[in-house]
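Welcome! Below are a few exercises, each with a solution that goes step by step. Keep the structure open while you read.

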Amino acid sequence: MSVVFALVDCNNFYVSCERLFKPDLRGRPVVVLSNNDGCIIARSNEAKKLGIGMGEPFFKKKAFLQQQGVQVFSSNYALYGDLSHRVMSILQQLEPEVEIYSIDEAFIRLPVQHDRTMTECALNLKERVGRCVGIPVSVGMGRTKTLAKIATSVAKEYPGYQGVFDLERCPDQEAVLATVKVNKVWGIGGRSTKKLNRQGVFTALDLKNSDGRRIRTVLGLPGLRAVMELRGESCIHLEQCPSARKSIVSSRSFRKPITSLQDLKEAVSSYISIAASKLRDQGLAAANLHVFLSTSRFRTDIPQFSGSRMITLPQATSCTPTLIKAGLRELTALYKPGYPYNKAGIMFTGLSHATMQQQNLFISAGDIRNKPLMEALDRINDYWGRDTLRYGSSGLAREWSMKQVWKSPAYTTSWTELPMVGTHQVKG
Amino acid sequence: MLDDKRLRTDATISGVYGVDRKTWISLPIFVGGVSAGFPSPAEDYTDQKLDLNELLIKNQAATFFVRVDGDSMINAGIHHDDILVVDRSRQAVSSDIVIAVLDGELTVKRLVRDAHCGRLVAENPDYPSIEISKENGCEIWGVVTSVVHQF
C-alpha cells in the first residue's frame, strides 16, 4: 500500500489566533510583533498586501501601520500555545500518524485507499480543525515531506484550490516545481541557494533534475536528500513521538540594557520559575542548568561580553527554589561588572521523567518536602495567571521585564481573562 | 538544522508537543484497610472519584469558556458574569443556546430555525430577536452546553 504525506499548515497562525475572539478583525490588516515588540513576525493577508515584510523592525513601520489602520498585537504565547495544542489534538483524533513539526505545522502519513480520495480526506481535516478550533489551515500532499511542503505553499497561494492541493495527483507536477524557487525547497537555506545558483540551479525542478552526486559534492548529504525527496523517494521519515523533550529554554531580551547583578538575578530567577513550572507541567525533572548572559551584538560602540555556564545538579529536580539557588550561584560566577547586558536566559537539559529519577539518599529530602508547595504554587498561578505568586528573588519592580504594549488577554488559559460574550444591541 | 519556521516559535515556547493534559487523574483507592471484623460497607463504592471535566467537557480540544456580559439571557438561567461552556464541535440545531458572531462581536442567544430562516432570540423581553442574514454577517461560533453560576 502506498502512502502520501500531508502537511497541515495553519494560515498566518498568530493572526488567526488573535481573530478567533475578535471577529471584527476579519478582513482587516493585522500584524503580530515578536517578544519585546521588536519586529513583525506574523501578518494577515491584508497586511501582506500593504507590502509589510516578514521580520521588519516595528519602529521603522510604526507610523505606516498607524496611517493604514493596521491592528497591532504583541505576541501572546499563552494563547498561541493553547490553540496550537488544540489543533494538533484534533488532527490526532482523526489520523493515527501525526508528527507535530512546529507550533503551526503537522505532517500526517496517509495510506492511499481506494474508498476515499485524498482530497476529500484533506478537506475533512481542514473542515474539522476550522469548526472545532476556529483556525483556518491549508493542506498540501505529496509523496515525500519535501513535496508536501511545496504542495502546501501552492494551496495557500492560489485561492481556487480552497486551501487543499494534492501534488501527487496533479497532472503536471514538473510545471508546478518549475514555479518554485530553489530557496523555497525544504532544507535549502540562503548559503546553499547561492551555491546552487552558481551551478545553474534556480528552481525546484532544476534541483530535481540535477545529478545527485554533483549536488552531494556541493551541499553534502542534506543536498542529496533534497534531490531524492523531490524525485519522490522519501528520505525524511515521520517522527511521531519526540519521546521526551530535550531541553526547555526561557530567555528574553531586556527592554533596556541592565548592568547590575541584582537586576540580572531578578530576571534569571523569573526565567527559572517559568521554566520550572513547565518542567512540572510535563512531569519532568532537569539534571543540568545552563545560564547565559550577553550584551547586544548590534552595538559595536560598547564593550561586548557574552558567556554561559552550566551546572550539573546533584539530583535531577523540578523544584523552583533548588533551581533558583543553583542558577543564581552560576550567574554570580558568570557576571562581569560594567557591561550593559541586553539578554539573559536559562536552559534545562538532561530532562527525565520525574518518576524515573535516580534517587540520591542525601539530597532528595528537600525536594520531597517542597513538593506540596510546588503543587500549590502551580495551581494558584494557573488560576490567577502567571506570576501571581512568585519568588522574592525575581523582584517586584521588574526593571528588565518585556515590553508588550499590545498584548491580547490570555483568553483560554486564565479564568480572569476569558472572552466576553455580550448583549447584542441592535444598531441604527 | 533550524529553519525559520522553528525559530519563529521563539524562546517562550521552546517546543510544542501533543501531551494530554489532565487536570485530575482519578485513581481507585483502597480505604477498607485490613480488618478482622466486618468489611466496611463503603468499600464497594470507593473505586471512582468524580471529575467535573468529565461531566462538562465532551471534546476537550473544541471546548472554550466565555464570560457573560449582560442580562439578555436571564430567563434561560444565564446571569451576568456567569461562565459558559462552549463546544465548537457540535452542530447547532434549533433551540440550542449558541454563541454567535454579530456585527463583529461575540454574543449569546437562542437559535430558532424554521423551514425558511433562522433567528437569534434573547431570553429577555427587553431585547428584540435578530434575523440571521448574509447582510449582518451573522454566523454561529459555538454551541453552549452548560452554564457555571457561582454564588
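**Exercise 1. Find out whether Glu168(A) is buried, partly exposed or exposed, and find its salt-bridge partner.**

Step 1. Glu168(A) has a relative accessible area of 28%, so it is partly exposed. Here buried means under 20% relative accessible area, exposed over 50%, and partly exposed in between, with a 1.4 Å probe and protein chains only.

Step 2. The partner is Arg143(A), and the closest N and O atoms of this salt bridge are 3.2 Å apart. A salt bridge is a side-chain nitrogen of Lys or Arg within 4 Å of a carboxyl oxygen of Asp or Glu.

Step 3. The two residues are 25 residues apart and link distant parts of the chain: Arg143(A) sits in the loop between strand S7 (137–142) and helix H6 (145–157) of chain A, and Glu168(A) in the loop between strand S8 (164–166) and helix H7 (173–178) of chain A. Helices (H or I, at least four residues) and strands (E, at least two) are DSSP runs, numbered from the N terminus.

Step 4. Arg143(A), at a relative accessible area of 39%, is partly exposed too.

A word on the model before going on. This is a predicted model, in which local features need pLDDT of at least 70 and side-chain atom pairs count only at pLDDT 80 or more, while totals for chains, interfaces and linings use all residues. Residues are numbered from 1 along each chain as its sequence is written, chains are lettered from A and ligands numbered from 1 in the order in which they are written, and side-chain values use heavy atoms, with hydrogens and water left out.

**Exercise 2. Work out which chains the salt bridge of Arg26(A) joins.**

Step 1. Arg26(A) forms a salt bridge with Glu139(B), with 2.8 Å between the closest N and O atoms.

Step 2. Arg26(A) lies in the loop between H1 and S2 of chain A, whereas Glu139(B) belongs to strand S7 (residues 139–148) of chain B, so the pair joins two chains.

Step 3. Arg26(A) is partly exposed at 38% relative accessibility, and Glu139(B) is partly exposed at 34%.

**Exercise 3. Describe how S2(A) and S3(A) are arranged.**

Step 1. Strand S2 (residues 30–33) and strand S3 (residues 40–43) of chain A pair in the antiparallel sense, over three bridges. Two strands pair if DSSP finds at least two bridges between them.

Step 2. Across the pair, Leu33(A) stands opposite Ile40(A).

Step 3. S2(A) and S3(A) make a hairpin with six residues between them, and Asn36(A) in the turn has a positive phi of about 70 degrees.

Step 4. Ile40(A) is also one of the contacts of Lys61(A), together with Gly51(A) and Glu56(A), once neighbours within four places in sequence are left aside. Contact means heavy atoms within 4.5 Å.

Step 5. Lys61(A) is in helix H3 (residues 58–67) of chain A and counts as buried at 16% relative accessibility.

**Exercise 4. Follow Leu84(B) through the sheet and the core.**

Step 1. The open sheet has eight strands with mixed pairing, in the order S13(A)-S1(B)-S2(B)-S7(B)-S3(B)-S4(B)-S5(B)-S6(B).

Step 2. Strand S13 (420–421) of chain A and strand S6 (130–131) of chain B stand at the edges with a single partner strand each, so one side of each has no neighbour in the sheet.

Step 3. Strand S1 (residues 63–68) and strand S2 (residues 83–87) of chain B run antiparallel and are joined by five bridges. In S2(B), Leu84(B) is the bridge partner of Val66(B).

Step 4. Leaving aside neighbours within four places in sequence, Leu84(B) has contacts that include Val421(A), Phe64(B) and Ile99(B).

Step 5. The largest nonpolar core has 60 residues, and Leu91(A), Leu84(B) and Ile99(B) have the most contacts inside it. Such a core is a set of buried Ala, Val, Leu, Ile, Met, Phe, Trp, Tyr and Cys residues joined through side-chain atoms within 4.5 Å.

Step 6. Helix H4 (residues 77–94) of chain A gives the most to this core, with eight residues.
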